[in-house]
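Subject: The structure I promised you

Hi,

Here is the structure we talked about. Have a look at it first, then read on.

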Amino acid sequence: MDEVKDGGQAAPPLSEAARSELLEMCEDQFAQLEKLQNEIILCEPDFCENPQEQSVNRLLATEAELKQWLTVEPKLLAENSEILLQAGKEEMVKLCSELEMVVSCCEARRDNLRETKTLEEKWLEEKKKVLFAATEHAERLQIEKQKLSDHNVLQDIKEKILKIKVYQEKLMESLGEILEKHAPLPQNVSITNKKKKKNTTHVINEDLISLNEILEVLMNKVLNSPHDPYVTIDDTFWPPYVEMLLRYGIAVRHQENNFKIRLETFF
């Protein structure tokens, strides 16, 4: 038996008498093992044609042997106290080594759990801060909402309406400037006929309204009476303007009356 270190010191070796006794015991055990092995080989039955029956017989034999071993009381390895002490020391050293491995694994697991706990606590603190900020913001909005009265809401709506009106007026002014520049009112034009050598003057009705006014009439008609948005064309509508609005899809004619037009629906 090898020497075993215990507590960092070498264990005392076995005496010659104990070593001799242990060797004799080992030789007796080996001799008994060889004897049993030979008996098993001699008692082994011939090859059975049915493998299933052979497996069942082996199972029954194994169960019988197991029951026999369970009834046998365990015996000491040796009666020599020195041999028992040495064997006990070896088992204790082996057990201590295994326990040290278990402790090392537990410590690694503990360190990993500590790191996970630290990360989880940090994440929890961040979530608490976010929740606190969101709660404060919600409470502040609720207080502001309670402070708003009907008068403030009405005043805000009036301001928005005023801004929309101002913006509409700006749009109309810009539209009027563009139309005045690119679509001015018609004027009397003098045309010379080369063949007849005569001067012909086209007289334009002075009551004609501008393109901007035509569009304004059409828009007001749609807003004031959406159920009947058609406007009757009279002498104040210059035909080229009406034709231009119809050609570019800004206005459409009545299906039954060609002298009525309305603004095209753009939504």
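Below is what turned up, going from the whole chain down to single contacts.

Before you start, keep in mind that this is a predicted model, where local features need pLDDT of at least 70, side-chain atom pairs count only at pLDDT 80 or more, and totals for chains, interfaces and linings use all residues. Residues are numbered from 1 along each chain as its sequence is written, and side-chain values use heavy atoms, with hydrogens and water left out.

The whole chain

You'll find six helices and seven strands. Both are DSSP runs numbered from the N terminus: helices are H or I with at least four residues, strands are E with at least two. Going along the sequence, the order is β-β-α-α-α-α-β-β-α-β-α-β-β. Of the 267 residues in the chain, 13% are buried. Here buried means under 20% relative accessible area, exposed means over 50%, and partly exposed is in between (1.4 Å probe, protein chains only).

Helix α5

This one covers residues 211–224, so to speak a run of 14 residues, and it reaches 20 Å from its first C-alpha to its last. That is close to the 20 Å expected at 1.5 Å a residue, where the expected span is 1.5 Å times one less than the number of residues. Which residues of α5 are buried? They are Leu211, Asn212, Ile214, Leu215 and Leu218. Looking down the axis of α5, the buried residues fall within an arc of 165°, so they line one face of the helix. (The arc is that of the directions from the helix axis to the C-beta atoms.) Leu223 and Asn224, on the other side of α5, are exposed.

Salt bridges

There are three salt bridges, each being a side-chain nitrogen of Lys or Arg within 4 Å of a carboxyl oxygen of Asp or Glu.

- Arg110 and Asp111 meet through their side chains at 3.7 Å, N to O. Arg110 is partly exposed at 39% relative accessibility, and Asp111 is partly exposed at 36%.
- Lys160 pairs with Asp156, with the closest N and O atoms 3.8 Å apart. Both lie in helix α4, four residues apart, which is about one turn of the helix. Lys160 is partly exposed at 49%.
- Arg247 pairs with Glu243, with 3.9 Å between the closest N and O atoms. Both sit in helix α6 (residues 239–247), again four residues apart, about one turn. Arg247 is exposed at 65%, whereas Glu243 is partly exposed at 37%.

A nonpolar patch

Leu148, Val153, Ile157 and Ile161 make a nonpolar surface patch of about 350 Å². Patches use residues with over 30% relative accessible area and no salt bridge; like charges are joined within 9 Å, and nonpolar side chains (Val, Leu, Ile, Met, Phe, Trp, Tyr) within 5 Å. The areas come from the Shrake-Rupley method with a 1.4 Å probe, and for residues only the protein chains shown count as cover. Val153 lies in helix α4 (residues 150–182) and is partly exposed at 43% relative accessibility.

An aromatic pair

Rings of Phe, Tyr and Trp (its six-membered ring) pair if their centres lie within 6.5 Å; planes under 30 degrees apart are stacked, over 60 edge-to-face, and the rest tilted. That gives one aromatic pair. The ring centres of Trp238 and Tyr241 are 4.9 Å apart and their planes are at 90°, so the pair is edge-to-face. Trp238 is partly exposed at 24%, but Tyr241 is buried at 5%.

Cheers
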